Amino acid sequence: MADAASGLFERGEECAAIGESVADVGHGAGGLLLVEGPAGIGKTRLLAEVRAKASEAGLALGRARASEMERDFAFGVVQQLFEPLLAAADPAALEELWQGPAAQARDVFTPTGTSGSAAGPAGDFAVLHGLYWLTANASQSHRLVLVVDDLQWCDAPSLRYLAYLQPRIADLGLLVATALRSGEPATDERLLQQFTTAPETRVLRPHPLTAQATTRLLEAALPAGVDPAFALACHRASGGNPLLLRELARTLIAEEMAADAGNAARVTDLGPRAVTRLVETRLARLPGTAVTLARAVAILGDRADLTAAAALAGQDTAVALRGIAALERLEILRVRHDQARTLLSFVHPLVRAAVHDGIGYAYLVRAHHRAAHLLTTAGADPERIAAHLLHTPPAADPGTVGTLRAAAVSSTRRGAPGNAYTYLRRALAEPPPGDQRREVLVEAGQTAFLVDLKLAAEHLQEALDQTVDPLQRADLALQLGTAYLWLLDLHRGVVVWTDALERLDDAQVDRRRRIEAALLDGALVAPGQDDVTRLLPGLRALPPHDSVGGRLLDCALASFDMVVCDPAGVARARRALAGGDLVREASLEGALPAGWMALLTADDETTVMDSLDSAVRHERLRGTAGIVPYYAFRALGWLWRGQLAEAESDARESRQLAAIARIEVNRLFADVYLADSLMEQGRLDEAEEVLRSIGVSAASRPPGPAYFALDSYARLLRLRRQDAAALRAARAAGRVWDAFGFVNPAMAAWRTEAALALDALGQTDEARRVAAEELELARRWGAPRALGRALRVSGLVAGGEAGLPLFQEAAAVLEDSPARLEYAKALTVLGAALRRTGQRAKSRPLLREALDLAACCGAAPLADRARTELAAAGGRPGRGAATGAEALTPSERRVAELAAGGATNRQVAQRLYITPKTVEVHLSSVYRKLGIPNRTQLADALTPSCLEPSS
């Protein structure tokens, strides 16, 4: 059906889907709508339909169109989406929009990225989270629809914002509608794919128009009539592309040609440059001043200011206005008035491309130079100026270098390190004056650290080669070596660190300890570093030093002690993390997580979880690169405690942020912890998909420290009862653990999986030998979780009554430990063993407690087994963990405690970095479990949770 008013033909299905999506937002349901197709197929018109339906429904609307010219301008799309809304808000509404963490994103909207905050610039993660809260605040009073056209050209920081928003869209009741040109290289292909392939994305792919619809479109555009032969020729030439058809109609009108059979032959050979040829035909009828103005707009980019375009074209306002009128009449330019400004855009990116492609290279370079000069004279944002300098060849101009460096500072303050690096890379190509080159190299290397580690290493290495001062060399070496470590090129890192260490005198204790800690931490990630491990005796003999370096060295040494089951390392780790100073001062230095791991394996829950919570809170204000591993390690802490929902949540957050920040090595950890939490919940298919995504399968394993991944894969195979394959995977894991020199079963659990697989395969003697080896190591380490598990597995492979005392010892060891899930497993096997030996009365309370604990942890398979055993013992579940304060998960308890203290749902969400919808869900669950109607009774109802071990 044709709709001449809207210009939509044969788009009934797409319009119906748009109507449904907009209606869903009106009812509080969020969604992601993607219109995908080739240029000219009608994506922009479908987005116009989204805007029209949103306006009809009274929804708030933000709109943006990405462009090739602005893809290097940080948060250009975000600014388009929100600046009109911010400008229209009265003071009270504006204060509401910037409430809470949203204030962290103010620099995105200031001219030079300097909002005047006393706290200084926010990190890129803080900016992303601030933009999320700006979106949430904007959605609070009015349902919000965000429309982004030409997503393939979206600047990378805005795309990061959309990717960060994606998993939270449903909770906000927000519709994000985007259009994506297929076959067009994107600003960030990997991030774009993550955003557009989400399961919740609704994809519309409009098809070419039929011959019948082609005729109707031409008839609507050409009231004088269309000959059928001419319409057929147009359909064949355009392939049913609506844009080509409309451009053809505009050209006919401009040329005063009839749409008759005689002119049919003139359209049959339009070819692939159809739009360019049609636009050139129309431009040829215009005066030269109008063409010059069109070229100026093409160079400045969409939403070019009339004054700037006229200046670039060398025209006064009167001449420019006449040119605009002509260009608008031929539907080449569109004019929009924004407050006191007149903004110029092309009717379609292909029309801009046609004009731009007709500009000669020399003219183009001069025009970009002139645009940069005009913007500089006008006091424009350095990033606006730099966008033009990026299109000019290097000329050894110190002024260009200065502008590009200023633009990099502005981008950094806005939380856009990728754009900052683009400017600094161009500054290096200028090149900078000799005395500035090292400074720019350092800036580029440190910025690239958050963008591309390989490039960071290249710049930092060159800067290091130009550095003589030992202290400056030491500081650069720490960063450069860390980049090499994360690139899994530890040999280079060791060379850099060792050289820096040799140049430092003994008085530089802090720097020396930092480098020594980095050396040891590297040897934990990449095996075979004999030169490093030979340093251990001397480093262990050093006196404690209360500095960041001294504490980092304690962390590294503690981890070396831990992996060989030496309990002496626990005291070192506690000393390193005491007081929280290290968390505040050691961002991105790898030895800090080594200290966490030492205490996690030691079941020192209070120290390590408090430190992890503090690290996550602190790093949220800095950068994504730091917070990614922090979320991963906290996920491991939750997992080993048995808090599966919390483990899953933190692991998913870590892997999503890792994808945004391009930190691939983190997936070997966060994804594995996610897979393990899913397995404990009985979600084996999801766990397998996660492991497959990092390259773990029967035929492959990822490079690098994949020891946890192989353990996890063996566990998955065993749970699927593929015992022979599980045994092979466990033994492969054992070989990797051995290569790293790690024997501690609290960390390296491959023997558990091997013993259980051997037992299932009937190889009982070998199963008992492997289980006994793990038990001996666990006793040497002494931590309850690992020892309890080793005792339980030894009891299982011992069989019969021989296993009973081992189960009893396992339960006793775990009773007061934080490892609640492992304790539930011990109680389950102990209760089952007592039942089988005729001690049914003794088994029932144990099985009942096991059931409650398993349910409290969210371990559905274990709960089912405990329930089955309890029924076989003649018992029934008690009150259970499904109700009461004991049933609250740590997340629910945190939400409940804040709400009981008077915080609103939004304040709770802001404090805990979750969505308001998640707070609502948690509180609903809390009310149900506590048996109360609302938050007024929370304080009285909260009591200690069953997730805390009894004292």
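This passage describes the overall build of the chain and then several residues within it.

The model is predicted, so local features need pLDDT of at least 70 and side-chain atom pairs count only at pLDDT 80 or more, while totals for chains, interfaces and linings use all residues. Residues are numbered from 1 along each chain as its sequence is written, and side-chain values use heavy atoms, with hydrogens and water left out.

The chain holds 49 helices and 10 strands. These are DSSP runs, numbered from the N terminus: helices are H or I with at least four residues, and strands are E with at least two. Along the principal axes, the C-alpha atoms fill a box of roughly 100 × 70 × 55 Å.

Buried residues account for 58% of the 951 residues. Buried means under 20% relative accessible area, exposed means over 50%, and partly exposed lies in between (1.4 Å probe, protein chains only). The chain exposes about 37,100 Å², and carbon and sulfur atoms supply 52% of this area. Accessible areas come from the Shrake-Rupley method with a 1.4 Å probe; for residues, only the protein chains shown count as cover.

Among contacts between residues at least 6 apart in sequence, 70% join residues at least 24 apart. The chain carries 105 positive and 114 negative charges, and their mean positions are 3 Å apart. Lys and Arg count as positive and Asp and Glu as negative, whereas His and the chain ends are not counted. Each charge is placed at NZ of Lys, CZ of Arg, CG of Asp or CD of Glu.

Helix 2 (residues 43-56) contains V50. V50 counts as buried because its relative accessible area is 0%. Beyond its neighbours within four places in sequence, V50 is in contact with I18, V22, L33, V145, V147, L175 and A177. V22 is 28 residues from V50 along the chain, and their C-alpha atoms are separated by 7.3 Å.

Helix 5 (residues 124-141) includes N137. N137 is buried, because its relative accessibility is 2%. Its side chain reaches the backbone oxygen of L97 at 2.9 Å. Apart from neighbours within four places in sequence, N137 is in contact with E96, L97, W98, Q99, A102 and R906. S141 also belongs to helix 5. At 60% relative accessibility, S141 is exposed. S141 and S712 are 571 residues apart in sequence, and their C-alpha atoms are 46 Å apart in space.

R906, the contact partner of N137, lies in helix 47 (residues 905-912), where R906, V908, A909 and Q910 are buried. The cover over these buried residues includes helix 5, helix 46 (890-900) and helix 48 (916-930). At 18% relative accessibility, Y913 counts as buried.

Helix 41 (residues 784-798) contains R792. R792 is buried, because its relative accessibility is 10%. The side chain of R792 makes a polar contact with the side chain of E822 at 2.9 Å. A polar contact is a pair of N or O atoms within 3.5 Å; within protein, one must be able to donate a hydrogen and the other to accept it, and residues adjacent in sequence count only if both atoms are side-chain atoms. With neighbours within four places in sequence left aside, R792 is in contact with F807, A810, E822, K825, A826 and V829.

Backbone geometry sets some residues apart. Most residues other than glycine have a negative phi, and most peptide bonds are trans. Y913 has a positive phi, near 55 degrees, and is a residue other than glycine. R303, likewise not a glycine, has a positive phi of about 65 degrees. R303 sits in the loop between helix 13 (288-300) and strand 8 (304-305). The peptide bond from E430 to P431 is cis, with omega near -10 degrees. P431 lies in the loop between helix 20 (417-429) and helix 21 (434-448).

Conventions. Contact = heavy atoms within 4.5 Å.
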